[in-house]
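Here is a protein model to look at.

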Amino acid sequence: MSAPAELRRGWCPSLARPMPSGDGLLVRLSLPADSVPPALLRAIASCARRFGNGLIDLTSRGNLQLRGLSEVTMPGLVEAFSSFEGVASPHEPAMICDIIMSPLSGLDPRAVCDVRPMVRALRERLAHEASLYALPAKFCITVEDGGDFGLDHVAADIRFKARLLADGSSFMVALGGREGEARPIGMCAPSSLPEIAVALALAFLELRGVSEDAPRRMADLLKRIGTETLLRSAGLASRLSHHPDIVEGAASPALREPGRPFIMCYGREDDPACFGMAVPFGQLTADQLDHVANETEAFGGEVRLTPWRAIFIANRSAMKAMETSSRLEDSGLITRMPDPRLNIAACAGKPACVRGTVSPRKDALRLGRVAQGLALSSPGRRIGIHISGCAKGCARSTSTKATLVGRDGRYDLVIDGTAADPPIREGLTLEEAKIALEELEEEIEAERMRDPHWEKHL
Ligand code: SF4
């Protein structure tokens, strides 16, 4: 069933169509899918200061958003960006949909292939299919290189995963869902990836209809009509091949726990491909973005934005990585584990968002220790607490051990659910919520002590 209307996310804000928010207008920038040049990062930081409130979001899809803009400052921002190569002009139509690729493609030594050429071809092909501009705003395609950085956590509509077969690399095609829920439908050659994606997206549009409650995501449509109907409409029966691999499901062969790998040098021990840093709660200041740009240049590397609210700087020098990492840590970015901020998902809330009556990110700093404890008993074992400004749950759509949901300046508590689920406690102050979470942590700990095999249940 589709989400209730009041909980649906709105359109994606762009330079051509900014979105009103609690702290002014919000604009999402359409950036290159692979690396972002340091000069462009500096330009974005400068625009955030001049035209916005100096805050920049790194979204869960690896996009950058400027905040705190206004009707008065928008023309200046549009003019500034019309001269930047790499940012879609406000006069172009909005991007058809997000395409998320393995962030280290071309650098990951364990990848099956470099997917950047396929992603470029896909972008170009989509841009020539005018009817696809009718796709819902959240429609998303993932392209994985088969290496260490799987994208199973991304709620995608169409997935391509590189697999190495006896006769070369090929892509497993899967539809909808996340974390193993996606439905594999066959294999395709790298060269046919763009055409397969277009055929599936057009079939989605045709079959979803235009009614008010038309499904907005592939997974919702498949629940209504089934995979076979979609494949028939897309005319793909003879264009996809079958392989024993696809019966295994769509999980990546070597998915690393999101949150771990990007806080370290990555690659072979003697030849690291990059190091990474997490952005606390997905929000950077303009000064921090300047730091990233400057250190990237000093490091001689390139920047890759990731869908884990983290940034990779790719290069091949472990020593330089260590020096750079400690300077970036001084600027407030997270460069080493453990850090309690990595165990909490928190949205902007008040005052940035008009729907928020609480300030989740400020309150999150009080709950770091208990979040670390609860993370151990959470699916995926990274996020222990989700603090949401309201039941919309923008920061996290999946189930969490404990979710605090803001309402009238206080919090409701949901256990093992999302922000939209029924709470077990209501109207808590932050202090009361903290005590309730500590009691929950103690209960879980006591349960563990009684069950010698508790680790099997994680
Ligand atoms: S979840 Fe947070 S950011 Fe999203 S609408 Fe509610 S208060 Fe705003």
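Q: Which residues of α11 are called buried, and what makes them so?
A: They are L430, A433, A436, L437, L440, E441, I444 and R448. Buried means under 20% relative accessible area, exposed over 50%, partly exposed in between (1.4 Å probe, protein chains only). Seen down the axis of α11, these buried residues fall within an arc of 140°, so they line one face of the helix. The arc is taken from the directions from the helix axis to the C-beta atoms. On the other side, E442, E443, M449 and R450 are exposed.

This is a predicted model: local features need pLDDT of at least 70, side-chain atom pairs count only at pLDDT 80 or more, and totals for chains, interfaces and linings use all residues. Residues are numbered from 1 along each chain as its sequence is written, and side-chain values use heavy atoms, without hydrogens and water.

Q: How do you know that the length of helix α11 agrees with its residue count?
A: Helices are DSSP runs (H or I, at least four residues), and strands are runs of E (at least two), numbered from the N terminus. The expected span is 1.5 Å times one less than the number of residues. For the 21 residues of α11 (430-450) that gives 30 Å, and the end C-alpha atoms are 30 Å apart, so the two agree.

Q: What covers the buried residues of α11?
A: The cover includes α9 (360-364), α10 (368-375) and β17 (385-388). Contact means heavy atoms within 4.5 Å.

Q: Why are β16 and β20 called edge strands?
A: Two strands pair if DSSP finds at least two bridges between them. The open sheet has the order β16-β17-β18-β19-β20. β16 (344-346) and β20 each pair on one side only.
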